[in-house]
Amino acid sequence: MASGEQFRIWCVTESAFVFEYKSTVPTQCPNDAGHTIDSALTVHVDDKTRIQIMNEAFDGATSPAQADRMIDALNKRPSVIAFLDNHNYVEAEKQILAAKDAGDLLQEDYDLIMGKFPTGWNN
Ligand SMILES: [Zn+2]
């Protein structure tokens, strides 16, 4: 089992995201130190998956109506799922915020979903 925290790095040389467990923010591609990375795109992630996030949010719903609202709002915005799958929590949050602004989610729904994002998602 790898230790440390997981980081997602954009390797320019490979044109791909690569993942590495480290105790500090990586400054090189873990596949080859000679590769060029775009450090601006390095993000800290953890092992929480989109399915975990969604299950926890739906388990936290205090009424069937709240669960229905969240399902409807997410069905209207499939990009939320794609962003979460890609550990792109910043963009996922923007889409969830847009759903709230459009009236598809209430503040309590927004708070519930955002509360299930992994710790440190916006670092
Ligand atoms: Zn690389």
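Among the contacts in the protein with a separation of 6 or more, 47% are made by residues 24 or more positions apart, where two residues count as in contact if their C-beta atoms, placed from the backbone, lie within 7 Å. The model behind these values is predicted, so that local features need pLDDT of at least 70 and side-chain atom pairs count only at pLDDT 80 or more, while totals for chains, interfaces and linings use all residues. Residues are numbered from 1 along each chain as its sequence is written.

Read along the sequence, the protein follows the pattern β-β-β-α-α-α-α-α, with 5 helices and 3 strands; helices (H or I, at least four residues) and strands (E, at least two) are DSSP runs, numbered from the N terminus. The C-alpha atoms fill a box of roughly 55 × 30 × 20 Å, taken along the principal axes. The protein is divided into domain 1 (5–44) and domain 2 (50–114), with bounds that come from an automatic or database domain assignment, and the C-alpha centres of domain 1 and domain 2 lie 28 Å apart.

Burial is the next topic. Of the 123 residues of the protein, 18% count as buried, which means that 20 or more other C-beta atoms lie within 10 Å of the residue's own, whereas a residue with 12 or fewer is exposed and one in between is partly exposed, with C-beta atoms placed from the backbone. The largest nonpolar core has 15 residues, of which Met70, Val80 and Ala92 touch the most other members; such a core is a set of buried Ala, Val, Leu, Ile, Met, Phe, Trp, Tyr and Cys residues joined through C-beta atoms within 7 Å. Two or more residues each come from helix 1 (50–59), helix 2 (64–76), helix 3 (78–85), helix 4 (89–101) and helix 5, and helix 4 gives the most, with 4 residues. Not counting residues up to four places away in sequence, Met70 touches Ala57, Phe58, Ala61, Leu105, Asp109 and Ile113.

Asp111 has its place in helix 5 (residues 107–114), and Asp111 is exposed because 12 other C-beta atoms lie within 10 Å.
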